[in-house]
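Subject: A structure to look through, with notes

Dear colleague,

I am handing over the structure below, and after it you will find notes on what was found. Please keep the structure open beside the text while you read.

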Amino acid sequence: MKRLLITALICAAASGVFAQNTKTDSIKASKDTVKAKKDILKLGFGDEGSEFEIHTNKDSLRFKSVQHSTSYPKAFIGLTFSRFDLGLATLIDNGSFTLSKNNQFLNYRSWKTSNVGFDVFQMGVRLNDGFKVYLSGGFDWTLIRLRQNITILPNEPVLTYRQDNIDYSKNRFSSSYFRIPLSFDFRSKPNANGDRFHFVIGPDAGLLLDGMVKQISQEHGKQKIDNDYHFTKVRYGGFVRVGYGGWGIFAKYYTNDMFENSPDQKGLKNFSFGFTFGF
């Protein structure tokens, strides 16, 4: 996961188009004017031709948002680092927040069971100042912190566990997906500071990248075992994001089961909610 986060940050940096402003209004422009222009680094990204001017002189470092007028509809495509989700994950067992007898081995610590995700690519069209639709791609993790001292076993016909005589300080059962949400983004008029209210809704699909058991104990130290652990290969559901300015809240619910080819886990689904940053 750390490697993917680092890769995403590199992609975010690559998504900007950096250009030095070398034009002058006059051939006889002063050296101070030329130097001031060299101290401005422009970073362009997003779907509206927006820019951030980064003033990098020796006395200060400040950011200034620059908007360019544009006509609609306007198509866009490119790399991004946005819609960073950080929240809690919850298992729903056939409509109940209480796990059934067959799934008691998945009993988890609610406040340490989390969902993390972000987008690194987007393409779509803005139809007017208040609405755009876009397809994006990114990564999404569900990290289940198990309460019991068990080991989920890899390469078994169904989801299977082993009871251990070890006191694990961390026993995490996780899945990672490549997420592909389709977003319908409605936004209000900007206020005096340029902030807007956002309401985003749409379907979400995911392709399984990997499953993992990570355990820490005095007896064995840190252990990681990668396997698909019967996590569903393709998941689908829906999401909603509501926010103001650059942050808000999100909720995601996947309508198909978390696990496949494992009858005892039929009807076990994934729901997550929390904070989101970057619209």
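In which sense do E5 and strand E15 pair, and over how many bridges? E5 and strand E15 (residues 268-277) pair in the antiparallel sense, over 10 bridges. Strands here (E, at least two residues) and helices (H or I, at least four) are DSSP runs numbered from the N terminus, and two strands pair if DSSP finds at least two bridges between them.

Before going further, please keep in mind that this is a predicted model, in which local features need pLDDT of at least 70 and side-chain atom pairs count only at pLDDT 80 or more, while totals for chains, interfaces and linings use all residues. Residues are numbered from 1 along each chain as its sequence is written, and side-chain values use heavy atoms, with hydrogens and water left out.

**Strands**

**Aromatic rings**

Rings of Phe, Tyr and Trp (its six-membered ring) are taken as a pair if their centres lie within 6.5 Å, and planes under 30 degrees apart count as stacked, over 60 as edge-to-face and the rest as tilted. By this rule the count comes to 16 aromatic pairs. One of them is formed by Phe-84 and Phe-118, whose ring centres are 6.2 Å apart and whose planes stand at 10°, so the pair is stacked. This pair links distant parts of the chain, since Phe-84 is in strand E5 and Phe-118 is in strand E6, 34 residues apart.

Are these two residues buried or exposed? Buried means under 20% relative accessible area, exposed means over 50%, and partly exposed lies in between (1.4 Å probe, protein chains only). Phe-84 counts as partly exposed because its relative accessibility is 23%, whereas Phe-118, at 0%, counts as buried. Both residues belong to one aromatic cluster, formed by Phe-81, Phe-84, Phe-118, Phe-139, Trp-141 and Phe-178.

**Cavities**

A cavity is found on a 1 Å grid over the protein atoms alone, as a set of points where a 1.4 Å probe fits but cannot get out, and its lining residues have an atom within 4 Å of a point. Grid points are joined across faces, edges and corners, and a volume is the space filled by probe spheres set on the points. The structure holds 2 cavities of 30 Å³ or more.

The largest cavity has about 70 Å³ of space, and among the residues lining it are Tyr-177, Arg-235, Tyr-254 and Asn-270. Arg-235 lies over the face of Tyr-177, at 4.0 Å from the ring centre, and Arg-235 also lies over the face of Tyr-254, at 4.0 Å from the ring centre; a charge sits over a ring if NZ of Lys or CZ of Arg is within 6 Å of the ring centre and within 35 degrees of the ring normal.

The second largest cavity has about 30 Å³ of space, and it is lined by Arg-179, Pro-181, Asp-204, Phe-239, Arg-241 and Lys-252. Strand E10 (170-187) and strand E13 (234-244) each supply at least two residues of that lining.

**Loops and backbone**

The peptide bond from Tyr-72 to Pro-73 is cis, with omega near 0°, and Pro-73 is found in the loop between strand E4 (62-66) and E5. Tyr-229, although not a glycine, has a positive phi of about 45°; Tyr-229 is found in the loop between strand E12 (221-227) and E13, and is buried, with a relative accessible area of 1%. Asn-261 is also a residue other than glycine with a positive phi, near 55°, and its place is in the loop between E14 and E15, where Asn-261 counts as exposed at 60% relative accessibility.

With best wishes

Key:
On a 1 Å grid over the protein atoms alone, a cavity is a set of points where a 1.4 Å probe fits but cannot get out, and a pocket is an open set with protein on both sides within 12 Å along at least five of seven lines; lining residues have an atom within 4 Å of a point.
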